[in-house]
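I opened the notebook with a sheet, its covering helices and a few single residues on my list. My entries follow the structure below.

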Amino acid sequence: MGVRIVKMQWDHPRMDAIKKAGQILKDGGLVAFPTETVYGLGGNALDVCASHKIYTAKGRPSDNPLIIHIADMESLNLIADEIPPAALKLACKYWPGPLTMIFKKSDQVPYQTTGGLDSVAVRIPSHPIAQELIRAGGGYVAAPSANRSGRPSPTRAAHVIDDLGDQVDLIIDGGSVEIGLESTIVDFTEAVPTILRPGFISEAMLREILGDVLMDPGLGTDNTPPKAPGMKYRHYAPSGQLTIVEGDPDAVADCIRKLSKVKMDQGYAVGIICTDETRTQYPDGVVLSIGRLENEETIGRHLYDVLRTFDDNQVAYIYSESFHTPQLGQAIMNRLLKAAGYQVIEV
Ligand code: TXA
Ligand code: MG
């Protein structure tokens, strides 16, 4: 059986198709759909069997909880308890949007959806297709990123087809996503709100609203386990060995040229991740520009696509510049460092 795909423009949800997709969710099926961050693999969050299907389709460990996507603030009360005023303030500013908040879960949420935890992760996405699908599907859609566990998150429908084509009942193709990095996760079950995963909404933006914010110590490179179970897995890993080079831009380019030459002379296919601004510095190898340094959103948007392209080209070694840009730098480097298994050369 071929994959069922329905195409629509991101800002013009086709309501006939959305209604059918919503029915699939209500019947316990799985629908992959675009959000503003990455594509999600949706199932009814309140249906134990649907949650189980999501874990099986992704090959995801069952202790790794799912985010519940809702379409409006009124839906929050059914699934979350003890919502602090600070969270409501943050919701006013950044929902709908690329922000996930963690609260104590209500009795309505099955432990199968929360990976056995007493807390629940919730997000209101801003993507028009996602919003309509959530409403049509009954209001509570559990959706992890729609990749196979361990692969980079999907930013286009083609990525979903590659990873999960035969596992889903329907894929809604709404074109390329806007942000390309998964949502910022803020945990409100701690005394001080804590960032469990950096994203488009940066630490500085959160601090402006919340005052005090902590970073989960588990996001560092020491051995503290991260609080978000999903952050402990070596995600986003390309099959080639990725090394990040840090330092003065000219020295970085020089180092990457030398390292690549050594591997190419040994007969290996080598990939290089650079920017539009530095592209001409690299005459050899599979050289992919990730975007423009002066427009950091282009870098976030293309990161996962670039990692997947190297897999398609069966590149054995990948060298990347680093991208410490003002708003997205923390999120981009978090994903890139994980993809590199924290292998960094300082020049
Ligand atoms: O942008 C996004 O958030 C995308 C789109 C589809 O909305 N979704 C996404 O889901 O990235 P997923 O499952 O790939 O990542 C969810 C992360 C995992 O690291 C998981 O461990 C963490 O959120 N998480 C979920 N519920 C949690 C909870 N109750 N406590 C701590 N971490 C939680
Ligand atoms: Mg994921």
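Contact, as I use it throughout, means heavy atoms within 4.5 Å. Helices (H or I, at least four residues) and strands (E, at least two) are DSSP runs, numbered from the N terminus.

I noted the ground rules next. This is a predicted model, where local features need pLDDT of at least 70, side-chain atom pairs count only at pLDDT 80 or more, and totals for chains, interfaces and linings use all residues. Residues are numbered from 1 along each chain as its sequence is written, chains are lettered from A and ligands numbered from 1 in the order in which they are written, and side-chain values use heavy atoms, with hydrogens and water left out.

**Entry: the sheet**

I looked up the strand order. The sheet is open, has 5 strands and reads S15-S14-S16-S13-S17, with parallel pairing. Two strands pair if DSSP finds at least two bridges between them. At the edges I found S15 (286-289) and S17 (344-346), each pairing on one side only. Neighbouring strands are turned by 20 degrees against each other on average, direction ignored. For such angles, axes are lines fitted to C-alpha atoms, for helices over the stretch in contact, and angles run from 0 to 180 degrees between N-to-C directions.

I then checked one pair inside the sheet. S13 (residues 241-246) and S16 (residues 317-320) run parallel and are joined by 4 bridges. Gln-241 has Tyr-317 of S16 as its bridge partner.

**Entry: helices across the sheet**

Which strands does H8 lie across? H8 (residues 249-265) lies across S13, S14 (270-274), S16 and S17, and runs at about 175 degrees to S16. H10 (residues 329-339) lies across S13, S16 and S17, at about 135 degrees to S13.

I looked at the cover of H10. Of its 11 residues, 9 are buried (under 20% relative accessible area; exposed is over 50%, partly exposed in between; 1.4 Å probe, protein chains only). Among the buried ones are Ile-332, Met-333, Arg-335 and Lys-338. Their cover includes S11 (194-197), S13, H9 (296-312) and S16. After H10 comes Gly-341, with a positive phi near 55 degrees.

**Entry: Phe-310**

Phe-310 sits in H9. I list Phe-310 as buried because its relative accessible area is 1%. Leaving out residues up to four places away in sequence, Phe-310 touches Gly-271, Ile-272, Ile-273, Val-286, Leu-288, Val-315 and Ile-318.

**Entry: His-159**

Is His-159 buried or exposed? His-159 has 4% relative accessibility, so I count it as buried. His-159 belongs to H6 (residues 157-164). Beyond residues up to four places away in sequence, its contacts are Pro-154, Asp-305 and Arg-308.

**Entry: Val-31**

Val-31 lies in S2 (residues 31-33). Its relative accessible area is 0%, so Val-31 is buried. Residues that Val-31 touches, not counting those up to four places away in sequence, include Ala-21, Leu-41, Leu-133 and Ile-172. Gln-167 is 136 residues away along the chain, and its C-alpha atom is 9.7 Å from that of Val-31.

**Entry: Ile-5**

Ile-5 is in S1 (residues 5-7). I count Ile-5 as partly exposed because its relative accessibility is 41%.
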